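User: Could you walk me through this structure? I have not looked at it before.

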Amino acid sequence: MTRQRSAGPPPAMHPMDPRRGRNLSPMFAAFLCWLLGLEPMTSPVITNIAVSGNAVLAATDQNPLFDQHLGSLEDFETNIRGWGEACGADAGVVESLVARMRRADR
């Protein structure tokens with residue numbers, strides 16, 4: 001007798017699952033590794049971020065100056081929330097990541 005799989009949604013993937021990587025830009029993947037405190041999976045590795053006005057800037061292992069422009073603060077908030085929704089992350093976790101990013105300028 002064979003068992004049929006339920007027609008429910010597929011299990012949520014880990015945020016850094018390689019199957020998800022094709023949908024993430026390399027710098028956003030590097031940013032997520034930094035934000036989540038995961039081992040880096042891309043190069044250059046983001047070592048820290050800063051928020052200046054509406055810009056998210058990064059320091060990397062290749063250049064310690066905050067001269068790598070990642071994008072606008074609003075775009076990153078939107079992307080983090082979209083990524084969280086795609087991963088099935090708890091809304092509270094996603095909002096805490098957004099808050100952590102926003103605190104980077106302090």
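Predicted model: local features only at pLDDT ≥ 70, side-chain atom pairs only at ≥ 80, totals over all residues.

User: How many helices and strands does the protein chain have?

Analyst: The protein chain has 4 helices and 3 strands. Helices (H or I, at least four residues) and strands (E, at least two) are DSSP runs, numbered from the N terminus. In order from the N terminus, the elements run α-α-β-β-β-α-α.

User: In what order do the strands sit in the sheet?

Analyst: The order is E1-E2-E3, in an open sheet of 3 strands with antiparallel pairing. Two strands pair if DSSP finds at least two bridges between them. E1 and strand E3 (68-72) stand at the edges with a single partner strand each, so one side of each has no neighbour in the sheet. From one strand to the next, the twist averages 25°.

User: How many bridges join E1 to E2?

Analyst: There are 6 bridges joining E1 to E2, and Ala 50 has Leu 57 in E2 as its bridge partner. The hairpin of E1 and E2 has 2 residues between the strands, and Gly 53 there takes a positive phi near 65°. A further 4 bridges join E2 to E3, where Ala 55 is partnered by Ser 72 in E3.

User: Which strands does H3 lie across?

Analyst: H3 lies across E1, E2 and E3, and runs at about 70° to E3. Axes here are lines fitted to C-alpha atoms, for helices over the stretch in contact, and angles run from 0 to 180 degrees between N-to-C directions. Contact means heavy atoms within 4.5 Å.

User: Changing topic: how much of H2 is buried?

Analyst: H2 is mostly covered, with 9 of its 11 residues buried. Buried means under 20% relative accessible area, exposed over 50%, and partly exposed in between (1.4 Å probe, protein chains only). The buried residues of H2 include Phe 28, Phe 31 and Trp 34, and the buried residues of this helix pack against E1, E3, H3 and H4. Gly 37 follows H2 and has a positive phi, near 70°. For the protein chain, buried residues make up 38% of the 106 residues.

User: Which residues touch the most other members of the largest nonpolar core?

Analyst: They are Phe 31, Ile 46, Ile 49, Leu 70, Ile 80 and Met 101, out of 22 residues in that core. At least two residues of this core come from each of helix H2 (26-36), strand E1 (46-52), E2, helix H3 (73-87) and helix H4 (91-103). The largest share, 7 residues, comes from H2. A nonpolar core is a set of buried Ala, Val, Leu, Ile, Met, Phe, Trp, Tyr and Cys residues joined through side-chain atoms within 4.5 Å.

User: And what does Met 101 touch?

Analyst: Not counting residues up to four places away in sequence, Met 101 touches several residues, among them Phe 31, Ile 49, Phe 76, Glu 77 and Ile 80.

User: Is Glu 77 buried or exposed?

Analyst: Glu 77 is buried, with a relative accessible area of 12%, and lies in helix H3.

User: What salt bridges does Glu 77 form?

Analyst: Arg 81 forms a salt bridge with Glu 77, the closest N and O atoms being 3.3 Å apart. These two residues are 4 residues apart in helix H3, so about one helical turn separates them. Arg 102 also forms a salt bridge with Glu 77, with the closest N and O atoms 2.4 Å apart. Arg 102 lies in helix H4 and Glu 77 in helix H3, so this pair ties together parts that are 25 residues apart in sequence. A salt bridge is a side-chain nitrogen of Lys or Arg within 4 Å of a carboxyl oxygen of Asp or Glu.

User: How many salt bridges does the structure hold?

Analyst: The structure holds 3 salt bridges. Glu 95 and Arg 81 meet in one of them (2.8 Å, N to O). Through shared partners, salt bridges join Glu 77, Arg 81, Glu 95 and Arg 102 into one network.

Conventions. Residues numbered from 1 in each chain as written. Heavy atoms only, no water.
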